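Good morning, everyone. Please look at the screen while I talk.

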Amino acid sequence: MQKSSSPIRVPNYTLFTPGPVQIPSEVLKEISEPMIHHRTKEFEAIFRETIDDLKQIFETEQRVFIQTATGSGAMESAIVNTLSPGEKVICINTGKFGERWVKMAKTFGLQVIELRVPWGHAVNSNDVDSALRLHPDARALFCQACETSTGVLNPIREIAQIKKSYPDLLLIVDAITALGVIQLPMDAWGIDVMVAASQKALMLPTGLGILAFSKKAWQACLDAKGPRFYWDLRNEDNANTKDQTMFSSSVALIRGLRIVLKRLLKMGLLELQSKTLEHSEETRNVLSKMGFTPFSYAPSPSISAFTPPPGIDGEALQTRLQEEFFICVAGGQDDFKGKILRIGHMGALTKEDYQRLFLALFQILKGNPANKLMNQRELQQLVNWDVFR
Ligand SMILES: *Cc1c(COP(=O)(O)O)cnc(C)c1O
C-alpha cells in the first residue's frame, strides 16, 4: 500500500547545542560545491593545506590525522592505535564521555583503573597524582578536556605536568569540545594524543574525527599489538605522505574544514578563546538573574550547564525553546535527564542569536518567583551586549 507522503518541513533552528553547532555561511557554501574526486591534484592540495592548518590549531608539529568518523570513532582510533590488550590504563571519569573512555578501553581488553568524579566536578589533580603513584605501571591516562555532559573543564595543564614524572605514560585527551575554543597547546603541555571531531568546536557537520599523535604516541602506534583495520593509522600515515587518505576522503567536509581553519587562524586562537570565555561568563551572569543555577563547579567556556529554577522541568523548557522559538539547547543525560540544561558557546553564534535566546528564556520564565528580572528592559540593560562580538 502506498503511504501518502507529506513534505518534511524543517524550520531554521538556531543551535545552542554542544554539537552540532551553527555553521558559518561561507562553510555551508563550500561544502555544497560540486563534488570532486579525492584522487585529484586539487584535492591533494586542499588536504595538504588542511593538515598544515590543523597543526597550528592543535599547536603541534607532530602527526595529525583526519578519519571519516564521529568523535567516538576517533576515540576508538586513539585506543587501538596506542595500546595492546591486557595493558593497564587509568580513565578519569567526570561524566558521560569519561564513562565512554572506560567502556571502550574495557571493550578492547585493557585493564581499566577508573578514577570516578561526581558529575559537576572537575577531577582533582592530586587524585590523579595518587592514582599514578598507586599504578605506576599504567600505560595511558585518559581524560576529557571539557566534559560535555556536565560543562566541566578538567585541569589538563596540571595533569600534563604530573604526567612528566612517568616517562612511559601516554596522556590521551578528548578535546572534542575544547580544541580551538580552549587553550590546549599539545606540544607545549606534553599531551600525547589529542582527539577532536568536526561537529563541535570545528563548526562543521558531523563526520570527521581528527587526532594528533606525539612522537611517543607514534612509537606506541608502531608497537601496539591489537587488531585494527579501518582505524590503522600506520597505513593512513603512508597515504598521508602522498597527500591522500587511506580510504575515500570525505571531500566536502575536508573542504569545509579548510575554510573553518582559515577563519579560526585569521581571527586568532587567543581572540576565539577569549570571545568564547566572555560569551559563557555573560550567559551565566544573565541566566543566574533569571533563576538558573550554574551546575558545574569548574565551568568550561565552551558549554554552560544549569539547573533550572525550582518547579521548572528542564525537558519541558527545552521543548518550548525548540517548538516556540526554534532554539535548540541540550538537556541532561542519564541521571540528569530533565534536571539540567546545557548551552553551547561553540559555532557561529551571533549577538542576535544570544539576544533571541535570552528573550525566549525571559518569556518562558516571566512571573516565575526565581526570576529577578521584572521586564524586558531590565534584561536589555543587564546584558553586556559588547561581549557578543
Ligand atoms: C560529542 C563528544 C564526543 C563524541 O561524540 P560523537 O557523537 O561520537 O561525535 C566525545 N567526547 C566529547 C567530550 C563530546 O562532546
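I will start with the ligand, then turn to the cores and some single residues.

A word on the source: this is a predicted model, where local features need pLDDT of at least 70, side-chain atom pairs count only at pLDDT 80 or more, and totals for chains, interfaces and linings use all residues. Residues are numbered from 1 along each chain as its sequence is written, and side-chain values use heavy atoms, with hydrogens and water left out.

First, the ligand. There are 13 residues around the ligand, and Thr70, Ser72, Thr148, Asp174 and Lys200 come nearest. Here, near means that a heavy atom of the residue lies within 4 Å of the molecule. Now some distances. A polar side-chain atom of Ser72 sits 2.5 Å from an oxygen atom of the ligand. For Asp174, a side-chain N or O atom is 2.6 Å from a nitrogen atom of the ligand. For Lys200, a side-chain N or O atom is 2.7 Å from an oxygen atom of the ligand. How much of the ligand does the protein bury? Taken alone, the ligand exposes 390 Å², and the protein buries 88% of that. Those areas come from the Shrake-Rupley method with a 1.4 Å probe; for residues, only the protein chains shown count as cover.

Which helix gives the most to the shell around the ligand? Helix H3 does, with three residues. H3 covers 71–80, and helix H4, 96–107, also supplies at least two residues. Helices are DSSP runs of H or I with at least four residues, strands are runs of E with at least two, and both are numbered from the N terminus.

Back to Ser72. Ser72 is in helix H3. It is partly exposed, at 22% relative accessible area. The cut-offs are these: buried is under 20%, exposed is over 50%, and partly exposed is in between, with a 1.4 Å probe and protein chains only. Leaving aside neighbours within four places in sequence, Ser72 is in contact with Arg100 and Met104. Contact means heavy atoms within 4.5 Å. Ser72 and Met104 are 32 residues apart along the chain, and their C-alpha atoms are separated by 9.3 Å.

Next, the cores. In soluble globular proteins, nonpolar side chains tend to be buried together. A nonpolar core is a set of buried Ala, Val, Leu, Ile, Met, Phe, Trp, Tyr and Cys residues joined through side-chain atoms within 4.5 Å. The largest one has 63 residues. Phe58, Ile66 and Leu141 are among those with the most contacts inside it. Helix H10, residues 251–267, gives the most to this core, with eight residues. Another core, of 29 residues, lies apart from it, and includes Ala74, Ala105, Ile176 and Cys221.

Now Thr14. Thr14 is in strand S1, residues 14–15. Is Thr14 buried or exposed? Thr14 counts as buried, at 5% relative accessibility. Its side chain makes a polar contact with the side chain of Arg356, at 3.0 Å. A polar contact is a pair of N or O atoms within 3.5 Å; within protein, one must be able to donate a hydrogen and the other to accept it, and residues adjacent in sequence count only if both atoms are side-chain atoms.

Last, the backbone. The peptide bond from Gly19 to Pro20 is cis, with omega near -5°. Glu59 has a positive phi of about 55°, although it is not a glycine.
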